[in-house]
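Please look over the sequence and the structure below before reading on. The briefing that follows starts with the surface and the overall build, and then turns to particular places in the chain.

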Amino acid sequence: MKFLPVRRLVSVLVACVMALGVWTIAPAAQAYNNPELLPDQPTNVIDLAKALTEVQAAKLSQELADFEQETGWKLRVLTQYDRTPGRAVKEFWGLDERSVMLVADPRGGNLLNFSVGDALYSLLPRTFWIELQTRFGNQFFVRDNGEDESILQTVQTLETCLRQGGCQVVPGLPREQWILTLVTSIVGGVIFGFASQPRKEGQVFAWQWALIFSPLWGILFIAFGIGPVVTRTTDWLPLLRNFSGFAIGALVAYLTPVLSRPSSPES
């Protein structure tokens with residue numbers, strides 16, 4: 001049993017190493033150097049895995065060229081599966097500190113990987129890249145929308161954030177993420193309601209107990225229920241629903257003793 005903490009520590013370290021993999025390109029792209037797979041003509045999209053149609057690839061390549069001319073930021077897209085140009089692609093595109101290479105490779109479980117230039121971290125922090133990968137590269141999104149849509153939406157998000165001077169979080173609020181914020185808002189309201197129940201004769205609202213438990217319901221409601229919404233969308237409807245969920249949860253929890261109290265028998 002004395003080795004159990006060590007095993008847990010090793011598991012945590014392994015998980016951290018896997019998470020840090022989002023800031024590097026796919027392992028296959030690092031392990032080989034096959035310049036013969038590179039195209040003869042300049043292009044901003046190398047679609048070895050055929051994740052895009054020819055029309056999509058051509059349109060995206062032109063879009064990335066226009067974006068680079070407009071902003072100075074270099075975005076490149078590489079798709080691969082069992083063939084990869086590896087390190088040769090960096091020299092082919094001349095990647096530097098103002099460059100981002102999106103690598104779409106489904107062999108790692110998540111479709112997306114990124115090679116990010118150092119200059120971008122001041123505008124798009126490391127947590128942004130993790131959220132970007134998990135939102136558009138997860139197996140459920142790819143299954144429902146396709147690899148092409150995963151790539152195109154990722155590029156569109158990067159262009160939007162770089163045009164506006166950076167993003168701390170990925171814009172937009174997916175339904176799954178909003179449901180999670182709604183659940184945490186309701187749970188926060190339930191805790192607030194239970195804490196506010198009167199505990200003395202003649203007391204209507206136990207504000208002292210509500211204040212004591214404020215770190216708990218405050219984190220659930222404000223940090224996890226409201227924060228992710230206001231930082232990702234300007235739509236007021238999800239915010240209204242979360243406030244309503246908090247209020248309903250608090251009201252139900254507060255009234256639970258009254259509702260469960262047995263009615264007095266009629267005389």
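The accessible surface of the protein comes to about 15,800 Å², and carbon and sulfur atoms hold 61% of that area. The model is a predicted one, and the values given here are computed from it. With 267 residues in the protein, 40% count as buried.

**Overall build**

- Eleven helices and four strands make up the list of secondary structure elements in the protein.

**The disulfide**

- The count of disulfides comes to one, and the cysteines that form it are Cys 161 and Cys 167, whose sulfur atoms lie 2.2 Å apart.
- The angle about the S-S bond is -100°, and the link of Cys 161 and Cys 167 is left-handed.
- Cys 161 counts as buried because its relative accessibility is 0%, under the cut-off of 20%.
- Cys 167 likewise falls under the 20% cut-off, so Cys 167 counts as buried at 5% relative accessibility.

**The second largest pocket**

- The space in the second largest pocket amounts to about 300 Å³.
- Helix H5, helix H6 (139-145) and helix H8 (175-195) are the elements that each give two or more residues to the lining of this second largest pocket.
- The residues that line the second largest pocket include Glu 131, Thr 134, Arg 135 and Phe 136, and also among them are Asn 138, Phe 140, Phe 141, Asp 144 and Asn 145.
- Pro 174, Glu 176 and Gln 177 belong to the lining of the second largest pocket as well.
- By residue type, the lining of the second largest pocket divides into four nonpolar, four polar and four charged residues.

**Glu 131, a residue of the pocket lining**

- Glu 131 is found in helix H5, which covers residues 126-136, and Glu 131 is one of the residues that line the second largest pocket.
- Although Glu 131 lines this pocket, Glu 131 counts as buried, because its relative accessible area is 15% and the cut-off for buried is under 20%.
- Leaving aside residues up to four places away in sequence, Glu 131 touches Val 169, Val 170, Gln 177 and Arg 232.
- One of these contacts of Glu 131, Gln 177, is itself among the residues that line the second largest pocket.

Terms used. Residues numbered from 1 in each chain as written. Predicted model: local features only at pLDDT ≥ 70, side-chain atom pairs only at ≥ 80, totals over all residues. Heavy atoms only, no water. Buried < 20%, exposed > 50% of the residue type's maximum accessible area, 1.4 Å probe, protein only. Areas by Shrake-Rupley, 256 points an atom, 1.4 Å probe, with all protein chains shown as cover. Contact = heavy atoms within 4.5 Å. Disulfide = S-S within 2.5 Å. 1 Å grid on protein atoms, 1.4 Å probe; cavity = no way out; pocket = protein on both sides within 12 Å on 5 of 7 lines; lining within 4 Å. Points joined across faces, edges and corners; volume = space filled by probe spheres on them. Nonpolar A, V, L, I, M, F, W, Y, C, P; charged D, E, K, R; others polar.
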